Amino acid sequence: MTKKAGRTAASRPGQLPAKSAVGAVIAPHARRAQKGRRAPRVLVVGDVMLDRYWFGQVNRISPESPVPVVLVERIEERLGGAANVARNAAALGAEVELLSVIGQDEAGDCLSALTVTDGIRARFHRDASVPTTVKLRVIGRQQQLLRIDFETSPSNEVLAAKLQDFERSVVDNDLVILSDYAKGTLVHVERMIRIARRLGKPVLVDPKGDDYRRYRGATLLTPNKSEFRQVAGAWSTHPEMIAKAQRLRNALGLEALLITRSEEGMTLFRKSSVLNMPAQAREVYDVSGAGDTVIATLGVKLAGRASWREAVRAANLAAGIVVGKLGTAVVHPEELAAAEAAQPR
């Protein structure tokens, strides 16, 4: 059995190694700015997790219960949640700082090592009282058969320390991305938004839950269609959706609201305009992590002084690319450039 991403083999069949041994190698292409220009600096804060994938063969049904038996042949570990947002931003050439809380455990060690590999400057607070959030997916015949989650909210003391780090870090970055997966890391999100906006830093939020008042004053929110419906209520016509979106944007004092609409593309709502971007026609393989790619691409482009139209166009193309890949994945600059070049002018 082989193990990718961590580059280590499991010690025994079916058993994970005690500690990840990822090499501390930073990919140079992800750290260089374009010639004559400084790379955008992006601060990502939120709930990080380790995405684990067990790939195997399914050839029989268990005699104990009517479920498939998976013979695990390969293990992969990837950055998930806010860490996947950071990974996507770094892959697009940004200088990325990641601030979050992880456990004092093997999964936390693996997360730390993976951020080094992906060229991310991580500032992790280790909380010995909770396990690192892990999502374990079992894949057989290219289909996800099962997902197992391990998670516990971090302690108040660790969260307070993280807020202090945020106040120091936000000064040195061009833009802030808050990635909320409702795991407890962003309990101080309202103060974070106020601090960043007071310093003139744009704040992009990938929201969670049914109460968006805690995100008041952010620059942009990026809910998907079902998340937006949960907050704004159902609609029957496109004009009705526009009215609900503008009402929410205005109530929260947002500069913009971006609703990702799956096969319908995405729509950007600003004070005096509505921009619709149709979805790119691609075979969808896996939508997990697509929202991370969207907000990361938006952040990198906006931090690099792109217009709203340019940033949303790039995010839409990046989403179309990443859904054709398995699991949490990234889009590389050459892929995005090729997709942009193929678009009609």
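Me: Happy to start with the terms: what does it take for two strands to pair?
Reply: Two strands pair if DSSP finds at least two bridges between them. With that in hand, M49 has G80 in β4 as its bridge partner. And keep in mind that this is a predicted model.

Me: Which way do β3 and β4 pair, parallel or antiparallel?
Reply: Antiparallel: β3 (residues 48–61) and β4 (residues 68–81) share 13 bridges. They make a hairpin, with six residues between the two strands.

Me: And how does β3 pair with β7?
Reply: In the parallel sense, over seven bridges, with β7 covering residues 134–140. F55, for instance, has I139 in β7 as its bridge partner.

Me: Switching to the nine-stranded sheet, what's the strand order?
Reply: The order is β6-β5-β2-β9-β10-β11-β12-β13-β14, in an open sheet with mixed pairing. β6 (121–127) and β14 (273–277) are at the edges with a single partner strand each, so one side of each has no neighbour in the sheet.

Me: What about β12 and β13, how many bridges there?
Reply: Five, in the antiparallel sense, between residues 256–260 and residues 266–270. L257 sits opposite F269 of β13.

Me: Which strands does α7 lie across?
Reply: Helix α7 (residues 290–303) lies across β2, β9, β10, β11, β12 and β13, at about 175° to β10. Helix α2 (residues 106–117) lies across β5 and β6, at about 170° to β6.

Me: Last one: where does pLDDT stay under 50?
Reply: Over residues 5–34. For the protein chain, the mean pLDDT is 87, and 87% of residues reach 70 or more.

Key
Residues are numbered from 1 along each chain as its sequence is written. This is a predicted model: local features need pLDDT of at least 70, side-chain atom pairs count only at pLDDT 80 or more; totals for chains, interfaces and linings use all residues. Side-chain values use heavy atoms; hydrogens and water are left out. pLDDT is the predictor's confidence in each residue, from 0 to 100. Contact means heavy atoms within 4.5 Å. Helices (H or I, at least four residues) and strands (E, at least two) are DSSP runs, numbered from the N terminus. Axes are lines fitted to C-alpha atoms, for helices over the stretch in contact, and angles run from 0 to 180 degrees between N-to-C directions.
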